Amino acid sequence: MPTHFISSIYVFVLAGFIGFEVIKQVSRLLHTPLMALTNALDAVVVVAAIIIAGRAETPLSAVLGIIAVVASFSNMVGGFLITDRMLRMFKLSKQKKS
Amino acid sequence: MNPLPLSTLIDFAYLIAIVLFILALRWLSSPATARRGVLAGEIGAALAVVATFANPEVVTYKWILIALLAGAIIGIPLGLVPMTAVPQRTALSHAFGALSAALIGIAEYYVRAPHVTKFGMTEISMEVIIGGLSFTGSLIAAGKLQEILPQRPITYRGQNIVSLSVLGAAVLLALLLIFHPGYTELFPVMVAVSLLFGVMLVTPIGGADMPTVISLLNSYVGLSAALLGFVLNNKVLIVAGALDGSSGFILSVIMCKAMNRSFINVMFGAFGQVQASAETAQETRPVHSATAEDAAAILGAASSVIIAPGYGMAVAQAQHKVRELFDVLTKRGVEVKFAIHPVAGRMPGHMNVLLAEADIPYDKLLDMEAANSEFSQADVALVIGANDVTNPAARTERGSPIYGMPILDVDKARTVMVIKRSLNPGFAGIDNPLYYLDKTLMLFGDAKTFVGDIVHELAGGNAS
């Protein structure tokens with residue numbers, strides 16, 4: 001078992017707990033934007049894609065890495081864009097009591 | 001004093017990104033702070049990407065920059081789809097997320113092979129299997145939602161056994177690879193089998209179960225990203241994956257509870273069989289139907305109206321007409337609210353987004369619990385394109401396939417109006433006793449046209 005596995009599992013368990021507690025508090029109105037936003041955050045795998053593509057250890061790994069960069073970065077850009085578009089639409093009633 | 005090594009700086013940048021990601025989700029707790037959350041997420045993501053470019057392992061940039069540009073070119077139109085297309089866009093982005101996680105896992109395998117440790121192989125095979133099945137599963141879900149593929153559940157005899165055997169085969173291949181790292185030719189077979197399993201997993205699931213399936217795929221995609229973080233020892237991936245995974249999991253639990261079904265039942269219990277038996281039990285009973293004029297008169301005289309929208313409203317693109325109805329009634333002093341069932345529509349929160357797009361203020365949107373405490377005081381409950389989520393059989397008929405599912409108690413309102421194309425049963429194929437109640441008026445027609453006619457009557461009634 002590699003040594004970094006232990007620290008990884010610590011991070012995973014703690015992040016899972018934080019995720020649980022934070023996401024439980026997310027407004028029920030916003031479940032669609034929540035999914036769009038977590039998709040965009042998850043697209044941070046682009047970081048790994050960049051490293052794999054950038055190392056270019058084998059032609060195969062470089063090509064797969066490049067495709068992964070395209071797929072994940074499109075998720076990142078599109079995900080943030082659509083989340084913001086959706087959230088902009090949520091408005092309160094105008095206070096016009098007369 | 002020595003300056004901090006570059007790798008430490010990169011790790012710190014990743015840590016800040018992680019904190020920003022958590023804040024982003026925290027700010028989604030209220031629509032008032034939610035947009036700040038998006039900004040936090042964007043800054044975090046940008047920081048992580050920029051920091052990665054400083055990684056000395058990255059030796060070539062040209063193709064990466066081209067790939068980032070290509071990603072942006074694909075991503076921007078996907079960020080600009082109309083709100084009615086959001087469920088299929090979400091499924092497609094699950095597919096992209098799973099694809100990139102799986103591809104990186106595959107690339108990493110071939111860099112290491114055949115000298116992969118047992119532990120490393122365990123991580124890689126789990127990652128690639130989950131990534132692979134989420135990729136094809138999400139593609140099938142997107143195809144169903146886009147109606148390229150049939151929305152009806154596609155089932156055959158012995159399906160579950162066949163599907164589970166395919167999953168078993170993938171696991172077996174993974175075990176072989178773990179104990180015999182030299183069998184590298186088995187790896188592509190394992191990938192292919194996991195892709196096949198994804199197809200088999202989602203094909204039998206019907207459109208009405210899509211909110212649960214999308215949520216589950218969401219959590220699988222998160223899990224595959226987290227596993228990739230284990231493979232590459234990258235903490236940002238682990239955290240982002242864990243956050244995405246827990247979000248998908250929580251949403252799946254909410255969706256399952258809202259249908260009173262278990263995960264197992266959604267994944268393997270296909271509503272398909274239910275349909276056949278329920279359709280034969282249908283009988284012809286008298287219903288009260290009414291015209292737009294009648295409906296307008298009742299709505300205009302009401303003091304409080306609760307509208308229960310469903311997927312039918314989205315299909316008919318009626319949300320903007322519904323907003324006009326909301327406006328004209330509000331102007332007359334009628335209090336109008338919306339009752340949103342958690343599984344109304346094709347993904348979690350689908351109705352809220354459609355109504356928000358139509359400029360309906362979010363303080364008028366009630367969740368199921370709040371709505372159910374208000375129906376008994378409402379003069380009119382107006383059901384637009386929702387069926388099973390308003391079916392009182394869920395409360396009373398033990399034999400009904402939806403028995404026990406929490407529903408919107410529209411039948412508690414003084415008058416119920418249902419806009420529907422015909423008396424055909426809804427997606428689950430279950431007859432709805434609501435339609436035969438004395439207090440129920442059936443408004444037969446296309447939701448968009450009918451709501452338009454009611455608005456016309458109400459507006460015209462003022463003038464004459």
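Two strands are said to pair if DSSP finds at least two bridges between them. Helices (H or I, at least four residues) and strands (E, at least two) are DSSP runs, numbered from the N terminus. With those terms in place, I turn to the sheet of chain B, where strand 1 and strand 2 pair in the parallel sense over four bridges.

Residues are numbered from 1 along each chain as its sequence is written, while chains are lettered from A and ligands numbered from 1 in the order in which they are written.

On confidence, the predictor assigns the complex an ipTM of 0.94 and a pTM of 0.90. pLDDT is the predictor's confidence in each residue, from 0 to 100. For chain B its mean is 89, and 94% of the residues of chain B reach 70 or more. Which residues of chain B stay under 50? That stretch is 271–282, for which the model has 21 contacts beyond four places in sequence. Two residues are in contact if their C-beta atoms, placed from the backbone, lie within 7 Å. Where pLDDT is low, the predicted coordinates should not be read in detail.

Let me return to the sheet. It is an open sheet of six strands in chain B, with the order 3-2-1-4-5-6 and parallel pairing. Strand 3 (365–367) and strand 6 (440–444) of chain B stand at the edges with a single partner strand each, so one side of each is left without a neighbour in the sheet. Neighbouring strands are turned by 25° against each other on average, direction ignored. Here axes are lines fitted to C-alpha atoms, for helices over the stretch in contact, and angles run from 0 to 180 degrees between N-to-C directions. Helix 15 (residues 350–357) of chain B packs on this sheet, touching strand 1, strand 2 (335–340) and strand 3 of chain B. The direction of helix 15 makes about 145° with that of strand 2 of chain B.

Now the individual pairings. Strand 1 (residues 304–309) of chain B is joined by five bridges to strand 4 (residues 380–384) of chain B, and the two run parallel. Pro309(B) has Ile384(B) as its bridge partner in strand 4 of chain B. Towards strand 2 of chain B, Ser304(B) is partnered by Glu335(B). Strand 2 and strand 3 of chain B, also parallel, are joined by three bridges, and Phe338(B) has Leu365(B) as its partner in strand 3 of chain B.

Along its principal axes the C-alpha trace of chain A spans about 70 × 30 × 15 Å.

How do the two chains meet? The contact takes 93 residues from chain B and 79 residues from chain A. Helix 4 (86–112) of chain B gives the most to the side of chain B that touches chain A, with 16 residues. By class, that side has 56 nonpolar, 25 polar and twelve charged residues. For these classes, Ala, Val, Leu, Ile, Met, Phe, Trp, Tyr, Cys and Pro count as nonpolar, Asp, Glu, Lys and Arg as charged, and the others, Gly among them, as polar.

One helix pair deserves mention. The axes of helix 4 (residues 59–89) of chain A and helix 3 (residues 62–79) of chain B come within 7 Å and cross at roughly 40°. Their contact has 17 nonpolar, six polar and no charged residues.

Finally, two backbone details in chain B. The peptide bond from Ala113(B) to Pro114(B) is cis, with omega near 0°, and Pro114(B) lies in the loop between helix 4 and helix 5 (118–145) of chain B. Glu147(B), a residue other than glycine, has a positive phi near 65°.

Methods
Predicted model: local features only at pLDDT ≥ 70, side-chain atom pairs only at ≥ 80, totals over all residues.
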